[in-house]
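Hello,

I am handing over the structure below, with notes on what was found in it. Please read the notes with the structure open beside them.

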Number of protein chains: 2
Amino acid sequence: MRTVKINKDSIADILNDLLKRSPNHYEGYQEQVDAIVNDVKARGDEAVFEYTEKFDGTKLTADTILVTEEEIREAYDKVDPSLLAVIRKAIVNIRDFHQKQKQNSWFDTQENGILLGQKVTPLATCGVYVPGGKAVYPSSVLMNIVPAHVAGVKEIIMVTPPGRDGKVNPNTLVAAKEAGAAKVYKVGGAQAVAALAFGTASIPKVDKIVGPGNIYVALAKKAVYGNVSIDSIAGPSEILVLADDSANPRYVAADLLSQAEHDEMASAILVTTSEKLAKKVSKEVDGFLKQLSRTEIMEKSLDSFGYILIAKDLKEAVDVANSIASEHLEIMTENPFDVMTRIQNAGAIFIGQYSCEPLGDYFAGPNHVLPTNGTAKFFSPLSVDDFIKKSSVIYYSREALEPVHTDIETFAEQEELTAHANSIKVRFEND
Amino acid sequence: MRTVKINKDSIADILNDLLKRSPNHYEGYQEQVDAIVNDVKARGDEAVFEYTEKFDGTKLTADTILVTEEEIREAYDKVDPSLLAVIRKAIVNIRDFHQKQKQNSWFDTQENGILLGQKVTPLATCGVYVPGGKAVYPSSVLMNIVPAHVAGVKEIIMVTPPGRDGKVNPNTLVAAKEAGAAKVYKVGGAQAVAALAFGTASIPKVDKIVGPGNIYVALAKKAVYGNVSIDSIAGPSEILVLADDSANPRYVAADLLSQAEHDEMASAILVTTSEKLAKKVSKEVDGFLKQLSRTEIMEKSLDSFGYILIAKDLKEAVDVANSIASEHLEIMTENPFDVMTRIQNAGAIFIGQYSCEPLGDYFAGPNHVLPTNGTAKFFSPLSVDDFIKKSSVIYYSREALEPVHTDIETFAEQEELTAHANSIKVRFEND
């Protein structure tokens, strides 16, 4: 890991560098993705089956694209009982945390006959994308489905690419069933996103598509945005550890590597006020690299997007953390709750020596679908908010409208919208 | 206006027809918009000045692109005092309603040393697009800026195209100042959106871009989504009046026209259980068309996207309203609050004979930036929610992590993420 002293130029360079990981920079893939999306929109199932054969190496039909009850039973037979047990424990925590996010419809009244408010309604349907391939993450299934379930979405549909044998990974299936998916379709990639956005004979159109995926999935989600809603576009994972002298270098190193192992594009950054800690962490990282698997991925990720940044004081360290706006931010300082109050931008904030990132990935309850690539400046973690929408509610009595009706007419007339003014006027034309 | 009896086929046809108004169907413009966006991204101010000269017919420089304090004073001199008075009254109502939307940061604790919660932080900056050209809507300025202001956004930047004289409309400027804009730049179209998304020498990069605009603006917002956040992509305006025998046909007709006058692509639909009302409304519409200005726009809009739909009962009427998911929904039935409870999808719901749509456009307080084109199925009105984001907050003590640490390790190992497991393990390696 490179060690760099923080100054204006070094930070600008690093920020630029990190943004190269953004899905917004993969323009080369857009055309290919758009072609798939438009094809599925035009030809529906037929196109879905063709792309699945091409990309996943398995032939599907309208009869086999939907995972059957029997396949789910088979999955339960195959899944490791210890995994099933921890999935069930995690679901309790995830459900509990997301329950607390639920927003009520509300209204406010005035005594002359005015009621104003917001009606909260869950989305009717949603589609959850779950990646397949080399890496299977049942935790991701839980994190995407549980919030939808808690929000009250009636039909939660999961899509995930099948293996060459035409089957879905049993861990994924069991997680889906436990979390509350109504249906699971064996389809992945841009073709799955397009099918959910426009509907096909087999796959119903949904209101919103969520879930992480590769670059094809990310770009396809962007392409269908507006036809449906989507969650934020996920980029490669990242962690920023903000630490002072009090931090345990072994913990810091282990946590940096926990993100570096995800992906060659992942980013792991330590920002510290302590050069002593910096040296120790660097050494611990080297030690762990020799012990752990996935070494090649970790080394590439650290070479490309790993940094140890030396700050002159805590304020500078916090400023850098805010400008990077990391997906995961761990605070290991003497007074971590105080530092937390100063954090403007982060997907999830982990406080203290024992709140390590994998605790949030798997177990604590808050969502692990988090804004990446600096988008924590404006996006939020996946939550119940993603699966509801609001309608304004407006009631005015005649008594309430009467004293303000000429004001409203004035406003409309100033905007030269005479039919708007007329809509108010007719209600008082016989006065 | 066509009168159509509701059945499965007629509704499917109408829904298809209405969706043709969506910005998602204007693919012809995408290439042109992308070219402008990429050019501004690459060349910054220089490109902004060129496009402004080309599209708005005025030559800007780095010295004149920002509206000055003196220009704002001039605007106050020019604005009609009656408009200023009603703008101020409206702001009080809009601010009051949006204040009630504010969400608190929250946390929950468990007595073994667990704290979980969500930290709510306002966006640091936002850009508000305000259309110029033929129609000037100060109300739109208020509706976009006030929620950002209430949310606590520090720097609210407005962009709006200048006239050929290089000036911004005084009504727009006064509204911006009253609502709380920090700066106003004289730039419009896709070039303004790109400047806000990527930043130029003159125009700062923002976290989120909101505000309605023409097709160029809508597509540019979609193009930069992910680099910044955006509000939902606005399509042409629409109203659906759900009425029974008890409705006043003159009010219904006036309200339908209040949306039809916006735009040739606007849509005005009456859904009613009463054929008698349908006939009377049709007659009143014809009467108003002779009296009002903007007749040509209204006639075209009604011809293309205006319908009177006859439902066999209230349930069918509600079902149709839910499937259309109108931007504005007026309920003029005998028991309108009961009907409201059955509405799943609508941007804003106006209840009863005196709650007409222009009341919401200008005055009542709820936002008039609403989801269009059926997107009320998954999008919400513009609100304070749009100008905040959340960070998860996770604290576990050693005491809390210890009893679950092997569970988390199991989960990570099942996902073959050994560095994740290691991050937990190192914390207990000396036990």
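A salt bridge is counted here where a side-chain nitrogen of Lys or Arg lies within 4 Å of a carboxyl oxygen of Asp or Glu. B:Lys186 and B:Glu71 form such a salt bridge, with N and O 2.8 Å apart. The pair joins distant parts of the chain, as 115 residues separate the two. B:Lys186 sits in the loop between strand 6 (183–185) and helix 8 (189–198) of chain B, and B:Glu71 is in helix 4 (residues 69–78) of chain B. Over all chains, the structure holds 57 salt bridges. Please keep in mind that this is a predicted model.

Next, the contact between the chains. Chain A contributes 124 residues to it and chain B contributes 123 residues. Together chain A and chain B bury about 10600 Å², and carbon and sulfur atoms account for 59% of that area. Ten salt bridges are counted between chain A and chain B. One salt bridge pairs B:Arg250 with A:Glu429, where the closest N and O atoms are 2.4 Å apart. On the side of chain A that touches chain B, 60 residues are nonpolar, 37 are polar and 27 are charged. There are also 62 residue pairs in polar contact between chain A and chain B, both residues being at pLDDT 80 or more.

Now the domains of chain A. The assignment gives domain 1 (2–22 + 235–365), domain 2 (27–230) and domain 3 (397–428). The centres of domain 1 and domain 2 of chain A, taken over C-alpha atoms, are 31 Å apart. Eight residues of domain 1 of chain A are in contact with ten residues of domain 2 of chain A. These two domains of chain A bury about 670 Å² between them, 58% of it from carbon and sulfur atoms. Of the area that domain 1 of chain A buries against domain 2 of chain A, 72% comes from A:Tyr362, A:Phe363 and A:Gly365, more than from any other three residues. The side of domain 1 of chain A that touches domain 2 of chain A has three nonpolar, three polar and two charged residues.

Last, an annotation. An unreviewed UniProt entry lists A:Gln259, A:His262, A:Asp361 and A:His420 under "binding site". These residues are spread over 162 residues of sequence and also in space, with up to 56.1 Å between C-alpha atoms. A:Gln259 lies in helix 10 (residues 249–260) of chain A.

Regards

Note on methods:
Residues are numbered from 1 along each chain as its sequence is written. Chains are lettered from A and ligands numbered from 1 in the order in which they are written. This is a predicted model: local features need pLDDT of at least 70, side-chain atom pairs count only at pLDDT 80 or more; totals for chains, interfaces and linings use all residues. Side-chain values use heavy atoms; hydrogens and water are left out. Domain bounds come from an automatic or database domain assignment. Contact means heavy atoms within 4.5 Å. Buried area is the accessible area (1.4 Å probe) that two parts lose on being put together, summed over both. Ala, Val, Leu, Ile, Met, Phe, Trp, Tyr, Cys and Pro count as nonpolar, Asp, Glu, Lys and Arg as charged, and the others, Gly among them, as polar. UniProt positions are given in the numbering used here, feature names are shortened, and annotations may be inferred rather than shown by experiment. Helices (H or I, at least four residues) and strands (E, at least two) are DSSP runs, numbered from the N terminus. A polar contact is a pair of N or O atoms within 3.5 Å; within protein, one must be able to donate a hydrogen and the other to accept it, and residues adjacent in sequence count only if both atoms are side-chain atoms.
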